[in-house]
Each structure stands twice: as structure tokens, then as C-alpha cells.
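Me: Hi! I have a two-chain structure open and would like to talk it through with you. Could we start with how the strands pair?

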Amino acid sequence: MRTTGQLARVFGEPAVAQAAAARVLVVGAGGIGCELLKNLSMSGFRRIHAVDLDTIDLSNLNRQFLFRHRHIKRAKAEVAVQAIRDFNPGIDATARQANIKEAAYDVDWFGGFDLVFNALDNLEARRHVNAMCLAARVPLVESGTAGYLGQVTVISGGATECFECQPKAAERKTYPVCTIRSTPTAPIHCVVWAKDYLFAQLFGEQGDAADEDQGMGAEEKAENMEELLQLRTEARALARLADAVGGADFAQRVFAKVFSDDIARLLSMPDMWRQRRAPVQLDYAALRAGASAGFDPARADDQAVLAAADSLALFAHAAGRLAQRVVGQRRRGAAGALAFDKDDDDALAFVAATANLRSHAFGIAPQSVFAVKAMAGNIIPAIASTNAIVAGMMATQALLVLTRRLAECHTAYVVYGDGRPRTIIREPLAAPNPRCPVCRRRYLTLRVADCRRTTLGDVLGLVRALEGTATDLALGEDIAAVEGSRILYDPDFDDNLARPLADLGLVPGKMLTLASEDDDSTAVPVILSIAAQRPQGGAEQLPPPPPLAIEGFESLPEFGPLPDDAPDDAGSTAAAEAADAGSGANDLDDDGAIVLDADDDAVVALDDSDVDSVGHISDELHKRKLADATPPRDASSKRRALPGSEENDDDDVTMDD
Amino acid sequence: MQVAGADAPAGEEISKAEVALYDRQIRLWGLEAQGRLRRSAVCFDGVKAVTLEACKNLVLAGIGHITIHDSRPVAAADLEVQYYFQDGDMGRPKDQVLAERLRLLNPRVDVQAQGMDRAFDVVVAVGKTGSAAQAVAERCRQRGEKFVAADSFGLFGYLFADCLDKHEYLEGAKEGAPPQKATAAYRPLAQSLAARPDVANVQRLQRKYPPLVFVCQALVAGDSVEDEMTAAALEAAVAKTLQERDIPRGIVDGDLVGRVAQSWGAEIVACAAVVGGTLAQEVLKIVTQKDMPVNNWHVYDALRGDGITCTL
């Protein structure tokens, strides 16, 4: 065990003692996680548990310093924990390669920790851990980085803003279907078309491609009905072409369809091109003849921007290889479908080549394969130094939290740019948003002996039976029960009352929200964290616990009335502000992080498997950011959201199913 | 001016394997910067926790060469913060042990523990005060090498950069717009330590300069600075540096001096990680000539969570 004399001198003996006794959970052993695990193991922490679903990839090694080349493909959590054990052999560090959203990690499990750290790369997992920490009443140190930018904050349920008190920008950018399919104007439109439409239709599973009108309002649908019908016909024709996969002229037929016939159809609608630059049909034979001497598509330079003729050669090469793989799969009796993976060289080459051919047709600047990879894979840059700075601040905050110095904790932002007066900006921790739909809730634990026997009706009966007692939840007679986005019960929908909880997916680890349906009710909605009964070790004398019980009343927070100026509904405010924040267009901010718009008629979406967590920058910081920039931007955009987080690639620390 | 990169093969291209390894950072600063980074040589004179942190970040990023210079033996206090040092390293020269361990981190980077004879793009003096700091700073000026002084002690840290009279860089590289060439002039350390801010009013001074920077200046300047100092001794050192430059004494309050004195002579990893991260970032800016390096002081207060930059 390393000694801690200097730490004690600086932070005081109590902090060192608290750190040594605390059980801490680190969720994520990637860029921030590696740095944090190192800091904790060297800052007096002795009981450290790390969870990460991911395995190590070559592109992690520029920053995830606990990993070496020989560790590639191994579990991040395990390798990281072994490394910190080597740093400080006396510590009790454990690792789990797992998804933090698994049911096993329920409210009791989270409650076994004194402090939790989020070192995650995706919004969904960060939200989940935030909710679990609120339910288990465990403080959470939250973090995120993206390139040169980063942030750290401390969340203590009821006392500070939680992760969801401020709206976050959408994790994935979406585009109107007509932009993608008929009127692209930017490289990204062509990449989305190549990946989500062309690749998915030709090589993906049947019906894999997005429905054309998905997400469109009825009015929009009516307006675009004619075009949508056309697009559907087009897609069907392409799907038929997919059956020709592996044929000798497959690539040529695909080319003729998408770069010649479909463009001819678009050109037949002159109205469409009155305000826009009209596309040109591409000529297969002419391009074929114009290939650069010596260009070898198998050895194409990722950094080079290929000429149209070379893109054609790359397309034909990649399409051939992908087709062979599909045919091979089918021969072995499999479905014969490929999913786009940015680290699959053939898939990437196909998307890059076809996106660039489309760019040539529409007069859009073509891109290198390297650049297309970032767009198709939603890669967010990541460097060692930002993660080091953020994780260092997390360790300091942790010592403050453990010694109950919450008032000294802060939100800190790592910023970057020429001549900025600050590289790290701090703000005091903010009070919770009184309208927050996540932390302004009463969190209670629902203990269930057997989720296969207890019904939803039993739960509601128990809640109603509490009426008039000291633990009245004040929800009244009319209650709505919701899990995630699923409505399980309301006064007009009682189909599920007799169903066992397990049937409804309500098992330990899940949360059931109960809210009053009475319009006049001021009752705070209740979130019941489902958990198993506590084991009764060696207590034969005690009566058996009831099969169903609600715990946690003693620490129910008191929520005051809403302020008069509070908007009626947090959700709509969030949406409005998100839209407001993005009103400036799809600009890239100073730091290269994409500022996401809340797009109106979003239809085609980039696959979000690669999108990182999204951090938020508060009003105050945004004001300062604005003040730093000259000239100041539109002051009405109050809040700006950055996609902020460490990883990008497939390094989602917790993968969604 | 000697350019360390000059003896590396010019225009050598970054290999595909390197692009794959450094993918996530090349997407941030570009291939050209990565190439400059690989052709650059940096010296760290002084091994402390912040040296390890900064070197780790630079080795991961793929810098060309690092020389570490500090032949003092590994001591018990080092083991508290140097995670690459083990019990068996006690008594061995710090620079040799650190160089050995850093090499394992990225085999592409040349890490040496040796003298400071070769030419460097940047020399970083870590934890040096008084004449020792001055000597390194002056030597760099004479040799045309860029100089950085840095330290992390307890809950505080600083860095000072002297990128010579004319540092050329590309600024404000924004998507879609070509980066602009720019230059910045830097002050030698001695001049900065004697600089007289042209503001007399305490409030306005405090707005322009974080009080901590004057405490750090007193530490860097002071030959009488000891390994461990009482608040009174540090107070006297701060008073001296302020008085010599006609800066109102009131700019630095006693509470801050007391907190710094308590931190002085101790190292903690949490703070060193932040200062080392910032230090690596500034060294990267200097050698890649992308964006302006801090001109010329940066101070960090871990409890407050402030990282502030100013020119003195």
C-alpha cells in the first residue's frame, strides 16, 4: 500500500480516512475512466469497483494509458483494474465487464457505494446512472470530454442540479428525408444517404432502411406525399436489385440505378431545381475509362480525396467484396445481411465511394475516406490531456464530497482557444431545476418477493392503502403508472392490472413511475425502484417480510411549490430551449464540436451506436463563451449544447441492446 | 535558432499504422500537426508528479523525443505520487526509472534519461526556483529553445512559457476556413518576474491578474524558498516581490498565502494530473505551432477549480 502523508497534509487526515473507507464505483474504464482509476488508486481510495462493457481497440491507445497493444480485444475494466492494482498493490479493486443498465445493478447495488463516478461516453447510460444514484441516494461525480473540451460536476440528489435538470442536445443528428434522398447540399447528406439508405438497402436486412415518412407530421406527409410515394418506389426497385447481389454486373446495375436513373427522375421535376443547383447524371462507361493510371482500389489512400473515376473504381471494388460476403453467408444458410461498421474497411470504402459519387452528381465537395469515416461513424476526437485534466478534477471533487464539503464543490469546464483568459472555468453547483422530470421526484424502493406473483394491481392497491396513513403518497385515486416511455396503467387503461410485474418487464433494476391523473393534484410523482427483498441472514425470530413493501419514506425530500414563473411543463421547455440553442444552423463551434440542431422534420438518422455522451454548458458559461468571442453572437441563444464525451467509436461503455 | 526536428528526415509521412493509432487526435489537430509532433524533441528538467503526468500525455500523443533530466534518487515521498515507481526503485536515479517506464507506454517514442546536450524544441523546468530556474531559462534563451517552467504542489500549480521573441503559429483553425498565420512575442522569465503591471488599483489588478500568480512568481523568483515553508516565510517572499515592483500588497490576501504554504512541498496526483494535462497541452501547442501557447502565465487552484491565464 502506498503511503498518503502528502495527501493528508494537503486535504487533512479525515479526508484520507474517508477515502480509505469509501466504496466507490467507476462507471466506464475508457478515456476518462483510465485516468480516474489511476487518480483514485493514488489518492487514498482503496475500495474501487469498475464497470465497463467494452473491449480495448487500437484507437484507444492514444489516451487510455492503462492499455497496451497486447491488450487489444480484452475487457477494458479488467485490464484497467489490473493496472491500478500494479500501481498500488494494497488496494481492493474489482472489475466487471458488463452493461451498467443490467437488472443486477439495481437500487440496492448502487446503494452499496458511497460515491459513484460517471466516466461514460453515451447519454443513455449517463442518464441511467444519474437516475440510479438519485434513487439510491448516492452522490455522483459526472464528467464528459470531447476533443479539447471537458466538464466535471457533482450531483447530490435534491441539493444540486442533476444530469437531467438542463436539457441536452439530441444525441443524434437527423435530416429531413427529402434532403437525404432528393436534394443533398452537404457531404454529410451524401454520407447518410450512402450508409443509411444505399448500404442498408443493398446489404442490410430486409426492411432495415428507415421508413421514408417516419417522424413526419401528418401535414408534412400530405405536403410531400407525391415525393414520398416516388421515394418508396425507388427504394423498392433498389431492394429488388439487392437480390442480384453477387451477379457479375451487380455494381454496374446499382450504379445505373442510383447515379443515372434516379437522378434522371429527379431532373424530370424542374420545380425542384428552380432554386437549387440541378444534379447531373453520371456516366458509368465514361468514368470507367477515366480512372487514374495505377489507381488500386485495394490500396487507396484514406487521406486522399479521390477523383470521381477513382471513386467509381473503389465503389466497384467494395461492392464486389461486400456482395461476396453476403453470398457466402447465404451459402452457409445464414440470412446474408451486413450491418454498417465504420471499422469494416469494405463497408467504409463502399459508403465513402458512393457518397463521393453522389457528391459529384450534386456538385458537392467530395471527401477523403478518413473524413467520411468520422461522419459515418460519428467519431468525436479525443486526446489524453483533456481526459487527464477532467479526471484530476473528479478526484479532487470526490475528496470534497466524502468529507461533506459539498458547498466547495463546483462545476468545472475545460475550454480551449487562442488567448482565452481561462483554461478551466468554474461555477458553483446549481440548485435543482424545480421542473426537472428526473430529480424532482420522490424516490422510494419497492421490495417484491416474487415479481411473477405480484401484479401491477397489487402495487397500486398497496399505494392506495397508504392513503390517510403517515406515509400517504397523496397520489389520490386516479393514478397513472409508467415504466420508461411505456404507459402500463391509467384510469382508462386497466388491461395490465392483473398481470404479474415480471410479465410487464417490471423486475429488480427497473423503475416504475406513479403520478396522479387528477388535474388539480399537486402531488409529486413517485418513482418506485424495484428491488428484491433484503436477505434475512440468521434472523429466524423475525416475522417473514411482506411479499410487497415500499421503503424509504423516512428520507422523502420535501418539494416546495413551483415558482410562479416556472413554465408549465419541463419537457416542452427543454424542447423549446434545445431548438433555441440550435437556431443558428448546423454550425461547428469554435472547438470543432458539432452543435446539434433540434431539427424539425427529422427522418433519416445516423445510427447512434457511435455517438458520445452529450454534455451541457450552462447559461453562465455560455455567456462567458460569448463574451470571449467577438463579435458576440445572438444573445437569444441562451444555452448551447455540446456533444461532450470521451469516446466516439464503438467504445460505448454500455451498449444498448 | 536550432530546430531539433531538423535532423529528422524532412517530410517523412505518417504511416497508416500511425494514423490508425492516433486517429482520434489527428481528427482534432490534423496530420500536419501530428507530423510536427513526431519531429519534435522536448526536455523535462526535474522529475515530479507533474513531470510524469505531462510526459505520459506527450508519449501517448506520439511526440518524437523526450529527455528526462533528474539524477536525484527515488525517495519514499516519490512513491506516494509516482505510480510507475515501485519499492524496488528506491535509490535509483529518478530520470532513469521514469524513462524506462515511459518507453513501455509507446514504443514509437524515444525516451532518454541523459544530459541536456542535444537541441530541444522546448525545455520544461519542473519545480525549479530561484537561480536554478533562472539558469535553465537563460540557457534556453541563449540556445534559442523555447522554455516552460511548471510545478504542481498540493492543491496548486502554475506554468510559465517563454516562446522567445517571435513564435509563429496557425490560429483559429475553424472548419471550412483556412487557419491564419500569426506570431506572438514572449518575455524572458527574468523580465516577467520583474514586470510592473501598469494598474495601480487593487480591484482592477485582481480582475486582470489572479492573485495566485504573484504567489507563484514569488516562489519561482525566491532563492530563499525552502522545501517546506511557513506561511510567514511565504508571506515575506510575496511581500518582497510585490514591493520591488510597486504592486499594492493588498492584491494577495493572507488566506491564499496560508493555503499555498500548506501545499508547498507536498504533491498530490489529483492536482498534478490537471496541471500535467495543461502542461502537455501547452507543449503540444508550442511544438505543433497550432494555436497560441499560453502567454505567459497560467495558474491552477484545485479547490476553487480555476485555471486562469494572464500576461506578466
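Reply: Happy to! One term to begin with: two strands pair if DSSP finds at least two bridges between them. Please keep in mind that this is a predicted model.

Me: Good. How many bridges are there between β1(B) and β4(B), and in which sense do they pair, parallel or antiparallel?
Reply: Strand β1(B) and strand β4 (residues 122-126) of chain B pair in the parallel sense, with four bridges. Within that pairing, Val42(B) is opposite Val122(B) of β4(B).

Me: And which residue of β2(B) is the bridge partner of Ala41(B)?
Reply: That is His65(B). Strand β2 (residues 65-69) of chain B is also parallel to β1(B), over five bridges.

Me: What kind of unit do β1(B), α3(B) and β2(B) make?
Reply: A right-handed β-α-β unit, in which helix α3 covers residues 49-61 of chain B.

Me: Is β1(B) buried or exposed?
Reply: Buried. Five of the five residues of this strand (41-45) are buried, so β1(B) is largely enclosed by the rest of the structure. Ala41(B), Cys43(B) and Asp45(B) cover one side, Val42(B) and Phe44(B) the other, and all of them are buried.

Me: Why does the list skip every second residue?
Reply: Because in a regular strand the side chains alternate between the two faces of the sheet.

Me: Nice. Which residues have the most contacts inside the largest nonpolar core?
Reply: Val42(B) is one of them, along with Ala80(A), Val351(A) and Val283(B). That core has 277 residues.

Me: What does Ala80(A) touch, beyond residues up to four places away in sequence?
Reply: Ala29(A), Gly33(A), Cys34(A), Leu37(A), Ala50(A), Leu66(A) and Ala95(A).

Me: Switching to the contact between the chains: how many residues does it take from each?
Reply: 53 residues from chain B and 53 residues from chain A. On the side of chain B that touches chain A, elements that each supply at least two residues include α1 (16-21), α2 (23-38) and α12 (269-288). Helix α12(B) gives the most, with ten residues. By class, this side of chain B has 27 nonpolar, 13 polar and 13 charged residues.

Me: Which strands are joined by bridges across the two chains?
Reply: Strand β9 (residues 422-428) of chain A is joined to β10(B) by two bridges, and they run antiparallel. There, Ile424(A) has Gly307(B) as its bridge partner.

Me: Now chain A. What is the strand order in the open sheet of six strands?
Reply: The order is β12-β11-β13-β14-β10-β15 (chain A), and the pairing is mixed. Strands β12 (486-489) and β15 (548-551) of chain A stand at the edges with a single partner strand each, so one side of each has no neighbour in the sheet. On average, neighbouring strands of this sheet are turned by 30 degrees against each other, direction ignored.

Me: What about β11(A) and β12(A)?
Reply: Strand β11 (residues 479-483) of chain A and β12(A) run antiparallel, joined by three bridges. Glu483(A) has Arg486(A) in β12(A) as its bridge partner.

Me: Last one: where is Pro73(B) found?
Reply: Pro73(B) is in the loop between β2 and α4 of chain B. This residue is partly exposed, with 13 other C-beta atoms within 10 Å. Leaving aside neighbours within four places in sequence, Pro73(B) is in contact with Gly91(B), Arg92(B) and Pro93(B).

Note on methods:
Residues numbered from 1 in each chain as written. Chains lettered and ligands numbered in written order. Predicted model: local features only at pLDDT ≥ 70, side-chain atom pairs only at ≥ 80, totals over all residues. Buried ≥ 20, exposed ≤ 12 C-beta atoms within 10 Å, placed from the backbone. Right-handed = clockwise from strand over helix to strand, strands pointing away. Contact = placed C-beta atoms within 7 Å. Nonpolar A, V, L, I, M, F, W, Y, C, P; charged D, E, K, R; others polar. Axes fitted to C-alpha atoms, helices over the stretch in contact; angles between N-to-C directions. Core = buried A, V, L, I, M, F, W, Y, C linked by C-beta atoms within 7 Å.
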